[in-house]
Amino acid sequence: MTALLLDLPLALGLFGAGAATLLARSLFGAVLGFISTGLIATLVWVRLEAPDVALTEAVIGAAATSVIILYVASRIGNRATPPAPPPIAQRVLAGILSALLAVLLAHALFSLPEPAPSLAAPVLDNIAPTGLGNPVTAVLMAHRAIDTLLESAVLVFAVFAIWSMAPERRWGRAPGPAFMAEAHGPLAFLAKVLPPIGIVIGVYIAWVGADAPGGKFQGGAVLAAMWVLPWIAGLVAPPSISDMRLRLAIAAGPLVFLMVGLMGFAVAEGFLAYPPGYAKTLILLIETAMTLSVAAAMACMIAGPPERRARP
Amino acid sequence: MAEVLTGAAALIILSALVGLVRVLRGPTRADRLLAAQLLSTAGIGALLLLAAAGAPELIDVALVLALVGAFASVAFVMASRVIDRR
């Protein structure tokens, strides 16, 4: 009964926040509706017993996307003219198609076999050789490591894509817009107090991923947020995008992952296979390098393409 | 005891969801922002109550939410600083 008392408001709240995002008249209202939707989704994932996803939603939804879309909204807000509404026939057609899709999805959902097909049992049976305690990490790093390897490369390409937006004359400068240093005030205070705590928590979340909800992605995203905060407050200057150390940090994770994968040919059964007894050591090595890469890549994604001259 | 804690979490979430009206209606930007921030604060409280009710792994989710929850406000300040500069 109490569970329903918790789940029903959450479900309605998620629906309401989504509707508020779509119906908001101002850009700013829509952005905050979206942020609220993400916060409610965090709690929904918790109720669905998926704390790993909840952690990701909390970090990405609350920190990364809120900074990115609020910044974009404020930059285009003043000059963008709202596009003319599409003709009524197009809107009706879009409505009918969306309703049809919703009906089809609902039908698929209600005709799922009972019990739903699941690979959870085989995963739990085969977790012992990896030496890990968190089945989600075991799937990501051992059973389906190839998917995770491809995902890790996506981060590098995302940074390429964002940097390629930079105009020619700004190439080689620091990522992001210019922020004047603010020695006093709440933002500078937060940028001085939060990172020392946040770095410890970020490393902890990445480390604990082997045995509990967490991991490289969530931990790396927390570290990225802690790196970006002093940039925004103008306390430190971000490195130039030509800085080899920054580029190496972004590429380190996928490179280490790939090298361990290729090593599998020599010392184990094949690509991305771990030699027996060394699985956990190698997984932790990859996770460490990936945490660094996720932190560097996410920080560059939040900051955006270079917009200013790098400080000498 | 777990029932009481879950009920308390439900109460916190309900009261934060009422605040969602301010995200929708404003009227000022600060009203919208603080309503969204209320949701993140309430989320931390609800997560800790649920953790005490028998899911200790949720403490980490609450910890992370507490750390990054303020970032919407940071972004708000950042956006206003960029506009002021123009």
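This is a predicted model: local features need pLDDT of at least 70, side-chain atom pairs count only at pLDDT 80 or more; totals for chains, interfaces and linings use all residues.
## Basis of the model

Residues are numbered from 1 along each chain as its sequence is written, and chains are lettered from A in the order in which they are written. Local features need pLDDT of at least 70, side-chain atom pairs count only at pLDDT 80 or more, totals for chains, interfaces and linings use all residues, and side-chain values use heavy atoms, with hydrogens and water left out.

## Helix α2 of chain A

Because 17 of its 21 residues are buried, α2(A) is largely enclosed by the rest of the structure; buried means under 20% relative accessible area with a 1.4 Å probe, protein chains only. Just after this helix, Glu49(A) takes a positive phi of about 60°.

## The largest nonpolar core

A nonpolar core joins buried Ala, Val, Leu, Ile, Met, Phe, Trp, Tyr and Cys residues through side-chain atoms within 4.5 Å. The largest has 104 residues, and those with the most contacts inside it include Ile40(A), Ile250(A) and Leu47(B); α11(A) gives the most to this core, with 14 residues.

Leaving aside residues up to four places away in sequence, Leu47(B) touches Leu43(A) and Val46(A), as well as Leu58(B), Val61(B), Ala62(B) and Leu65(B), contact meaning heavy atoms within 4.5 Å.

Technical notes: Buried means under 20% relative accessible area, exposed over 50%, partly exposed in between (1.4 Å probe, protein chains only). Helices (H or I, at least four residues) and strands (E, at least two) are DSSP runs, numbered from the N terminus.
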